[in-house]
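Please consult the sequence and structure shown below alongside the text.

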Amino acid sequence: MNIVFMGTPAFAVPSLEMLIEEGYNVAAVVTQPDRPQGRKKVLTPTPVKEAALRHGIPVLQPQRLRNPEAVAELAEYKPDLIVTAAYGQILPKSVLDMPPLGCLNVHGSLLPAYRGGAPIQRSIINGEKVTGITLMYMAEGLDTGDMIAKVEVPIEDEDTAGTMFDKLSMAGARLLKEQLPTLVQGKVAAEPQDESKATYAPNLTREDEKIDWSKTSRQIYDQIRGLVPYSGGFTLWNGDVFKVWACAKPDKGDQGKGDGEPGTVLEVSENGIVVKTGDGVLTLLTVQPSGKKAMDAAQFARGTSLAPGTVLT
């Protein structure tokens, strides 16, 4: 049996590694094209490509999978089953219809909630206490296919998008391992999604990273966690970008504290930068002034001109 695996980020690697370790024949891997990374814009392979090359598996990197040439190249590998995990492109009908056993997707949410490209980040940003993995058959719509199995994964208060990516990537590999022996025998019964309960998690934009200090301390805390370690949140200090990478978890004692409008800096010390929010205060622990590297509060406080009374916008 030939399996073609499609994925791009580190989230997908455990599922690919599991297929290889379990002895499945991964005939080819499809991943996004290499992209420039870092300040020097070095052309960098995707984590899935790196994993595939380590195992000597052929790698396809079409700019657009729906191009006839890309479909024809994929068909040469005669896939009996296609497995995807965070590939990053919607599969056209010509690909969905190609493998006799169908196309499976390891999706990072409990569908039909959080369909789309950023389910993990948006689950945290929205303050969810639990998320999970859904193993599903792929359809032409965005994460609309029938569901095969699910597993729940709690979101702890200290979790970030980074830690949840790790937890969910491993949970996805385990769920795939558990279900595959039945799936390779033929298509299994799957549950249609309830469209009335569908919600969406589109890819994050620059606006999603902007801190609105009029929100509650908890909402801002969750926003930062959902953006770490990829972009962090940001506010403006004297018109320059001022990034926030970590905050102290707010508690009831923080509610109702502080005077001034939201965004007002109340204290700058080695213990943190205390900022007024919509319902109290929030203590920033790791920040990054424009043009500098990220630093903890103690390091920042020793050399900053940020003074109490300054309003971050």
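The model is predicted: local features require pLDDT of at least 70 and side-chain atom pairs count only at pLDDT 80 or more, while totals for chains, interfaces and linings use all residues. Residues are numbered from 1 along each chain as its sequence is written, and side-chain values use heavy atoms, with hydrogens and water left out.

**Salt bridges**

- The structure contains 14 salt bridges, each defined as a side-chain nitrogen of Lys or Arg within 4 Å of a carboxyl oxygen of Asp or Glu.
- One of them joins glutamate 17 to arginine 54, with the closest N and O atoms 3.2 Å apart. Glutamate 17 belongs to helix α1 (residues 13–21) and arginine 54 to helix α2 (residues 47–54), so this pair ties together parts 37 residues apart in sequence. Helices (H or I, at least four residues) and strands (E, at least two) are DSSP runs, numbered from the N terminus.
- Glutamate 17 is buried at 17% relative accessible area, whereas arginine 54 is exposed at 57%. Buried denotes under 20% relative accessible area, exposed over 50%, and partly exposed in between (1.4 Å probe, protein chains only).
- Aspartate 34 and lysine 49 form a salt bridge at 3.1 Å, N to O. Aspartate 34 lies in the loop between β2 (25–30) and β3 (35–37) and lysine 49 in helix α2, so the contact ties together parts 15 residues apart in sequence.
- Aspartate 34 is partly exposed at 22% relative accessibility, and lysine 49 is buried at 14%.

**A salt-bridge network**

- Aspartate 222 pairs with arginine 218, the closest N and O atoms being 3.0 Å apart. Both residues lie in helix α8 (residues 217–227), four residues apart, about one turn of the helix.
- Aspartate 222 is buried at 5% relative accessible area, while arginine 218 is partly exposed at 25%.
- Salt bridges link Lys129, Asp157, Glu158, Arg218, Asp222, Arg225 and Lys249 in a network.

**Aromatic contacts**

- There are five aromatic pairs, counted when ring centres of Phe, Tyr and Trp (its six-membered ring) lie within 6.5 Å; planes under 30 degrees apart are stacked, over 60 edge-to-face and the rest tilted.
- Tryptophan 237 and phenylalanine 242 have ring centres 5.5 Å apart and planes at 80°, so their pair is edge-to-face. Both residues are buried.
- Phenylalanine 242 also forms a tilted pair with phenylalanine 300, at 5.6 Å centre to centre and 50° between the planes.
- Ring pairs join Phe11, Phe165 and Tyr230 into a cluster.
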